[in-house]
Amino acid sequence: MPVRAAPGHDCWKTVGMSDSTPDRSAAPVLEVWCDLQCPDCRTALDDLRALRARYGDRLELRLRHFPLEKNKHAFAAAQAAEEAWEQGRGWPYAEALLGRVEELARAGEPFLVELARELGLDAEEFDTALVDGRHILIVDADQAEGKAIGVTGTPTYVIGGERLDGGKSQEGLRERIEEIADRLLAGQGH
């Protein structure tokens, strides 16, 4: 299954599910369960940028989709973000989208294609992807996995086996993530 790579490393990488060899040099992973139409997820961007600045390549950020039913265009937005990853600009697209959740709420799917055009992506391919549903399985799989691990709102973070719910409050969350990341990195001997 493709995994969304860390911001600043906007590329796809595939994680082999059958590879059980422990990689001691692998960066700890922070999964961010996100609804791309969620104002709380937009607020979380500042924390993600601060974490990226502090840890760089030592912490891998992964965007995971958890579109909420209350946000009418969130499922389409998740599919559009997957198309942006396919075109090599996933994080910039996701960040731009989160920065403009009100426009998405107002304009709907045409806004997703327009944003792609603004970012220099192949907007026609975005339009086609939204029509043919080529990324639905990825979004569905993320959502199912999120439900299976107890995600109920966004943003929700998972790091070092701990789930942190940012949908209720962002207060102290970045500090908690940093504590866990520091502990994981110390355990690697970095």
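In what order do the elements of the protein chain run from the N terminus on?

1. The model is predicted. From the N terminus, the order of elements in the protein chain is β-β-β-α-β-α-α-α-α-α-α-β-β-α.

2. Of the contacts in the protein chain with a separation of 6 or more, 71% are between residues 24 or more positions apart. Buried residues make up 47% of the 190 in the chain. The accessible surface is about 9200 Å², and carbon and sulfur atoms hold 50% of that area.

3. The largest nonpolar core has 45 residues, and those touching the most other members are Leu30, Tyr93, Leu97, Leu112 and Tyr157. Another core, of 5 residues, lies apart from it and includes Trp33, Phe66, Leu68 and Val151. In soluble globular proteins, nonpolar side chains tend to be buried together.

4. Beyond its neighbours within four places in sequence, Tyr93 is in contact with Ala80, Ala81, Ala84, Leu112, Leu115, Ala116, Leu119, Leu121 and Phe126. Leu112 is, like Tyr93, among the core residues that touch the most other members.

5. A search of the whole structure returns 1 cavity of 30 Å³ or more. The space in the largest cavity amounts to about 60 Å³. Strand 3 (29-34), helix 1 (39-55) and helix 3 (90-98) each contribute at least two residues to its lining.

6. The lining of the largest cavity contains 10 nonpolar residues, 1 charged residue and no polar ones. Among the lining residues are Val32, Cys34, Cys41, Leu48, Trp91 and Glu95.

How values were computed: Residues are numbered from 1 along each chain as its sequence is written. This is a predicted model: local features need pLDDT of at least 70, side-chain atom pairs count only at pLDDT 80 or more; totals for chains, interfaces and linings use all residues. Side-chain values use heavy atoms; hydrogens and water are left out. A nonpolar core is a set of buried Ala, Val, Leu, Ile, Met, Phe, Trp, Tyr and Cys residues joined through side-chain atoms within 4.5 Å. Buried means under 20% relative accessible area, exposed over 50%, partly exposed in between (1.4 Å probe, protein chains only). Contact means heavy atoms within 4.5 Å. On a 1 Å grid over the protein atoms alone, a cavity is a set of points where a 1.4 Å probe fits but cannot get out, and a pocket is an open set with protein on both sides within 12 Å along at least five of seven lines; lining residues have an atom within 4 Å of a point. Grid points are joined across faces, edges and corners, and a volume is the space filled by probe spheres set on the points. Helices (H or I, at least four residues) and strands (E, at least two) are DSSP runs, numbered from the N terminus. Ala, Val, Leu, Ile, Met, Phe, Trp, Tyr, Cys and Pro count as nonpolar, Asp, Glu, Lys and Arg as charged, and the others, Gly among them, as polar. Accessible areas come from the Shrake-Rupley method with a 1.4 Å probe; for residues, only the protein chains shown count as cover.
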